[in-house]
Amino acid sequence: MATMASNTVESPPVTPPNRCDEAAVLWGLGPMGEWLHHAITSGFVGHGWVFKGQDVPGMYRLSMVLAKVLNCSEPIEPGVACGQCRDCRWADANAHPALLTLCRYTFLDDKTFKEVTGSKARNKKTIGVKQLGAVLGNVAMRSDYTRVVILTDVDMVPVKEKGHLSEATLGHIPAPAELTEWATKKNTTFVPASLSPAVFAAEPANKLLKTLEEPPPRCLFVFLTDDEQNLMDTITSRCQQLAFTAPPQAALAAPVADSGALDALLDTLWEGLPPTTNMDDLYQQLFEAAGTSPDWALVLAYWQQRWGQQWRQQASTATKSQVQYFNKRLQALEDARLQIKSYVHTEATLRQLLFALCHEI
Ligand SMILES: [Zn+2]
């Protein structure tokens, strides 16, 4: 990530008005957010990005937010969408004409859908050349918008098994009405998933190469994958690659309706508590602050975001040992989040994390 490291970004004047706004999403990602914000505000967006990370729904959501920021007609400041204008509302609903998702189930309109798929759409295994052609035809048309084409795979996930996935990241993949109805009947939902060679094969990838080499103006392709090896070298070499280690979905929203108590506790933990702290009391406080039957993976993702913001405010003046200290704490948090996401025993993981924060780090 040499490009990121060498990027110098002005200290941001951002105190997000609410946790769901675009600034929070961008800034919640630390250096990555700075890089993205800088790319947008300086006009050097380029034409191809590879988003690499485990949290594909989160990266999908982030891509949508970027499309919104790039197309807001009345931005609050450069790189911060207003959230109110027609373009923002369209983007929020994933219905913006400049925001296109290309996955094996999506098509531009009913006609193309029928032409391309016939009756086999439901079993469609790959992104087809004709599908890609339809998208390329669309972006070749002149437009005042910055077109954002998100290439992703989708899983159809039983609603009852969606588990740790945030509600806000689900159901965003636009699919033909027929398929959506079918999915609803089967009690399943579309969830963004990593591109793989099987889904995005060489033929459509090669067809896309020419466009990546000579892109139409103001057109950005975003590839979502958990491993860049899933994409052809000829694609990745023409794109800016961004690796996400923190979960973009962390920046979506507070996990509880009234997050005041949780915020206060997380801030106290950030400041640090002495080893003499009663661990049972602390665990109880956390448990109560997180509300009834919380999604703990989401709570920890939110926790990361909150600490990320604290860190941003202090990073420029921190000493080297403080940097190490906070990085260790953020790493412990990330480890705990991943464990909980993998269904490792939640209470034990949380107690271990609290103990580590008070005693070891
Ligand atoms: Zn707007």
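**The nonpolar core and its surroundings**

Modeller: The largest nonpolar core has 57 residues, and those with the most contacts inside it are Leu 102, Val 148, Val 149, Leu 151, Val 222, Phe 223 and Leu 224. Such a core is a set of buried Ala, Val, Leu, Ile, Met, Phe, Trp, Tyr and Cys residues joined through C-beta atoms within 7 Å; buried means 20 or more other C-beta atoms within 10 Å of the residue's own, exposed means 12 or fewer, and partly exposed lies in between, with C-beta atoms placed from the backbone. The model is a predicted one, in which local features need pLDDT of at least 70 and side-chain atom pairs count only at pLDDT 80 or more, while totals for chains, interfaces and linings use all residues. Residues are numbered from 1 along each chain as its sequence is written.

Another core, of 22 residues, lies apart from the largest one and has Ala 297, Leu 298, Val 299 and Tyr 302 among its members.

For the chain as a whole, 39% of the 361 residues count as buried, and the fold is built with 15 helices and seven strands. Among contacts with a separation of 6 or more, 80% come from residues 24 or more positions apart.

Turning to helix packing, the axes of α14 (residues 320-341) and α15 come within 10 Å and cross at roughly 175°, with axes fitted to C-alpha atoms over the stretch in contact and angles running from 0 to 180 degrees between N-to-C directions. The pair is therefore roughly antiparallel; under 35 degrees would be roughly parallel, over 145 is roughly antiparallel, 65 to 115 is roughly perpendicular and the rest is oblique. On the α14 side the contact uses Arg 329, Ala 332, Leu 333, Ala 336, Gln 339 and Ile 340, and on the α15 side Thr 346, Thr 349, Leu 350, Leu 353, Ala 356 and Leu 357. By class these are eight nonpolar, three polar and one charged, where Ala, Val, Leu, Ile, Met, Phe, Trp, Tyr, Cys and Pro count as nonpolar, Asp, Glu, Lys and Arg as charged, and the others, Gly among them, as polar.

Helix α15 (residues 346-360) also packs against α12 (residues 279-289), with axes 10 Å apart and an angle of about 120°, so α12 and α15 are oblique to each other. Met 279, Leu 282, Tyr 283 and Leu 286 of α12 meet Leu 350, Arg 351, Leu 354 and Phe 355 of α15, giving seven nonpolar, no polar and one charged residues.

Arg 218, in the loop between α9 (202-213) and β6 (219-225), has a positive phi of about 50° although it is not a glycine, and is partly exposed because 19 C-beta neighbours lie inside 10 Å. Ala 243, in strand β7 (residues 240-243), has 12 such neighbours and therefore counts as exposed, yet its C-alpha atom is separated by 8.4 Å from that of Met 32, 211 residues apart along the chain. Ser 237, in the loop between α10 (233-236) and β7, is exposed because it has 11 C-beta neighbours inside 10 Å.

Notes: Helix = DSSP H or I, 4+ residues; strand = E, 2+ residues; numbered from the N terminus. Contact = placed C-beta atoms within 7 Å.
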